[in-house]
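Here's a walk through one chain, from the overall make-up down to a few individual residues. Have the viewer open and follow along.

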Amino acid sequence: MWNVRKTLFISHLSFLILFAACSEQREHTAPAVNDRDSASMMTSYGINTLISDSGVIKYRIVTERWDVNTVRQPSRWTFERGIFMEQFDEQFHIEGYITADTAWYYDQLKLWELRGRVYIRNVNGLRFNSEELFWDGIRHEFYSHKFSRVVTPERTLEGTYFRSDEHMTHYEVTNSVGSFVASDMESEPETSQPAAGTAASGDTTKVAPLVRQAAKRHRKVKR
């Protein structure tokens, strides 16, 4: 009789221990993904590819990682690990190249947003540095609202606003300071008007001013 009671007690105790252990278990699951549009539709690594526009090869892109998301609004390509991009003319000659630490391309807007150490150099020897640069594919122009530095064989310009055509042949720098070679000043006759290519009021420098209307600030794109 004692053995029977002992067996029943042990069985009951084992059931209580097992029940307590099961009640303390927790499921180890990842949290639900609420933002369905946050995931990339395509992710590629080690990219070295040519990009065409209207059947003509325009660019070569080299990047460590390329994410494409067509669900987010606006849809975008993301280059979070840096980008190197060459630009070609219609004869496939290199016109210049661009590098940046981070870049986004909003394909529906045809707008590039470059951030970090943005650097441009073209075939004419022009060099551009800034922490920000936008490339508007509809207006065919570059612009920046951050401090920018432009260096050419003839002059060095610095300012807080930069605007240029996409070939970097006609550009504008405002709130600028700069240096020019002596021949630029000596070749101009003495006059009460400021010489072409020099700052008219100490805060604006224009080189072959653009005839298009002033660029408008784009609304900040939600990332």
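Pro74 sits in the loop between strand 2 and strand 3 (76-79). Keep in mind that this is a predicted model. The peptide bond that joins Gln73 and Pro74 is cis, with omega at about -5°.

What does the side chain of Arg76 reach? It goes to the backbone oxygen of Pro74, at 2.9 Å. Arg76 itself belongs to strand 3, and it counts as buried because its relative accessible area is 2%, with the cut-off for buried set at under 20%.

Asn69 is a strand 2 residue. Its relative accessibility is 5%, so Asn69 counts as buried too.

## The chain as a whole

Stepping back, the chain has two helices and 15 strands. It runs to 223 residues, and buried residues make up 35% of them.

Nonpolar side chains tend to be buried together in soluble globular proteins. Here the largest nonpolar core has 29 residues. Which of them have the most contacts inside that core? They are Trp112, Phe128 and Phe162.

Setting aside neighbours within four places in sequence, Phe128 is in contact with Val118, Tyr119, Ile120, Leu133, Ser148, Arg149, Val150, Phe162 and Met168. So that list includes Phe162, another of the residues with the most contacts inside the core.

There is also a second, separate core, this one of six residues. Among them are Trp104, Phe134, Tyr143 and Tyr161.

## The largest pocket

Now for the empty space. Rolling a probe the size of a water molecule over the atoms shows where such space is left. In this model, the largest pocket holds about 470 Å³. Strand 1 (42-53), strand 2 (56-69) and strand 4 (83-88) are the elements that give two or more residues to its lining.

The lining of the largest pocket has 21 residues, and those nearest the pocket's centre are Asp53, Lys58, Tyr59, Tyr105 and Gly137. What is the lining like by class? It has eight nonpolar, five polar and eight charged residues.

## Ile51 on strand 1

Ile51 lies in strand 1. Is Ile51 buried or exposed? Its relative accessible area is 17%, which means it is buried, since the cut-off is under 20%.

Beyond residues up to four places away in sequence, Ile51 touches Val56, Ile57, Lys58, Tyr59, Ile61 and Trp66.

Glu80 is found in the loop between strand 3 and strand 4. With a relative accessible area of 53%, Glu80 is exposed, because the cut-off for that class is over 50%.

Trp104 is one of the residues of the second core. Leaving out residues up to four places away in sequence, Glu80 touches Asp101 and Thr102.

## Two positive phi angles

Phe92 is not a glycine, yet its phi is positive, at about 65°. Phe92 sits in the loop between strand 4 and strand 5 (94-100), and with a relative accessible area of 42% it is partly exposed.

His140 isn't a glycine either, and its phi is positive at about 55°. You'll find His140 in the loop between strand 8 (127-136) and strand 9 (141-144). The relative accessible area of His140 is 43%, so His140 is partly exposed.

Definitions and conventions
Residues are numbered from 1 along each chain as its sequence is written. This is a predicted model: local features need pLDDT of at least 70, side-chain atom pairs count only at pLDDT 80 or more; totals for chains, interfaces and linings use all residues. Side-chain values use heavy atoms; hydrogens and water are left out. On a 1 Å grid over the protein atoms alone, a cavity is a set of points where a 1.4 Å probe fits but cannot get out, and a pocket is an open set with protein on both sides within 12 Å along at least five of seven lines; lining residues have an atom within 4 Å of a point. Grid points are joined across faces, edges and corners, and a volume is the space filled by probe spheres set on the points. Helices (H or I, at least four residues) and strands (E, at least two) are DSSP runs, numbered from the N terminus. Ala, Val, Leu, Ile, Met, Phe, Trp, Tyr, Cys and Pro count as nonpolar, Asp, Glu, Lys and Arg as charged, and the others, Gly among them, as polar. Buried means under 20% relative accessible area, exposed over 50%, partly exposed in between (1.4 Å probe, protein chains only). A nonpolar core is a set of buried Ala, Val, Leu, Ile, Met, Phe, Trp, Tyr and Cys residues joined through side-chain atoms within 4.5 Å. Contact means heavy atoms within 4.5 Å. A polar contact is a pair of N or O atoms within 3.5 Å; within protein, one must be able to donate a hydrogen and the other to accept it, and residues adjacent in sequence count only if both atoms are side-chain atoms.
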